[in-house]
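I'll jot down what I look up as I go.

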Amino acid sequence: EGQGGLYAGVMRGEAGLPDYHLIVPTDHTASVKNIMWSESDHVHPSKLSDIDGLANTLALCTSTNQHPAAQWTRTLTIEGHYDFYLPARYELLLVHINLSKILHLHHRHWSSTQDAGNPGCVWVQDFNYGDQYTNHQSSQYRVRAVRRILIC
């Protein structure tokens, strides 16, 4: 309670980073329909993580290219929290497994993870069927912001 949403589970930190609890907001302002990941299909200069959506979002927001989905998540304030971000593909998978029925999530949602094999595309979570696949950055999908609490 007071953490801005529902508990989705534990994400294991990568490359020596700490594990954290993933929180998915229930507030209606934490979701947006039909937003582009980027205005053009471009290769982001650094590899974007499959796990760490916060690092991805910060990298996207400081990029010279516009990333509307990531930038939108950084504008949110819910229950006094302003540390929301665009989840990475494995964070979205955890949300699908543990919360999609509770939150009545449907449709396709952007992740913050570019496809390493096809950098003009980004991973998408389909909450109807549980699949993940890639699509062009200039397509429009939904976004569901998340936040994290570090495990001490």
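**Entry: Val143.** I started with Val143 and looked up what it touches, leaving out residues up to four places away in sequence. My list came to Ala30, Ser31, Val32, Ile35, Ala69, Trp72, Thr73, Leu86, His109 and Trp110. Reminder to myself: this is a predicted model.

**Entry: the cores.** Next I checked the largest nonpolar core, which has 18 residues. Val143 is among the members that touch the most others, together with Ile35, Trp37, Ala69, Trp72, Leu86 and Trp110. Helix 2 gives the largest share, 3 residues. Apart from this core I found another one, of 15 residues, and Val95, Leu103, Leu105 and Val146 are among them.

**Entry: the aromatic pair.** I searched the whole structure for aromatic pairs and got 1. The partners are Trp110 and Tyr141, arranged edge-to-face, with 4.9 Å centre to centre and 80° between the planes. Why does this pair tie together parts that are 31 residues apart in sequence? Because Trp110 sits in strand 4 (residues 108–115) while Tyr141 sits in strand 7. Are the two buried or exposed? I have both Trp110 and Tyr141 down as buried.

Entry: I traced an open sheet of 3 strands in the order 1-2-8, with antiparallel pairing. From one strand to the next, I get an average twist of 30°. Between strand 1 and strand 2 (residues 20–24) I noted 5 bridges, and the two run antiparallel. One residue I followed across was Val10, whose bridge partner in strand 2 is His21. What packs on the sheet? That is helix 3 (residues 89–99), which touches strand 1, strand 2 and strand 8. The direction of helix 3 makes about 130° with that of strand 1.

**Entry: charges over rings.** I looked at two arginines here. Arg148 lies over the face of Tyr20, 3.7 Å from the ring centre. Arg89 has its charged end over the ring of Trp123, 3.5 Å from the centre of that ring.

**Entry: Leu54.** Arg148 turned up again when I checked Leu54, which touches Arg74, Tyr85 and Arg148 if residues up to four places away in sequence are not counted. Leu54 is in helix 1 (residues 53–61). I put Leu54 down as partly exposed because its relative accessibility is 23%. I also took the C-alpha separation of Leu54 and Leu76: 14 Å, for residues 22 apart along the chain.

**Entry: positive phi.** Last, I looked up two residues other than glycine with positive phi. Asn34 has phi near 50° and belongs to strand 3 (residues 31–36). With 52% relative accessibility, Asn34 counts as exposed. For His107, phi is near 75°. Where is His107 placed? I found His107 in the loop between helix 3 and strand 4. His107 counts as partly exposed, because its relative accessibility is 38%.

Conventions: Residues are numbered from 1 along each chain as its sequence is written. This is a predicted model: local features need pLDDT of at least 70, side-chain atom pairs count only at pLDDT 80 or more; totals for chains, interfaces and linings use all residues. Side-chain values use heavy atoms; hydrogens and water are left out. Helices (H or I, at least four residues) and strands (E, at least two) are DSSP runs, numbered from the N terminus. Buried means under 20% relative accessible area, exposed over 50%, partly exposed in between (1.4 Å probe, protein chains only). Contact means heavy atoms within 4.5 Å. A nonpolar core is a set of buried Ala, Val, Leu, Ile, Met, Phe, Trp, Tyr and Cys residues joined through side-chain atoms within 4.5 Å. Two strands pair if DSSP finds at least two bridges between them. Axes are lines fitted to C-alpha atoms, for helices over the stretch in contact, and angles run from 0 to 180 degrees between N-to-C directions. Rings of Phe, Tyr and Trp (its six-membered ring) pair if their centres lie within 6.5 Å; planes under 30 degrees apart count as stacked, over 60 as edge-to-face and the rest as tilted. A charge sits over a ring if NZ of Lys or CZ of Arg is within 6 Å of the ring centre and within 35 degrees of the ring normal.
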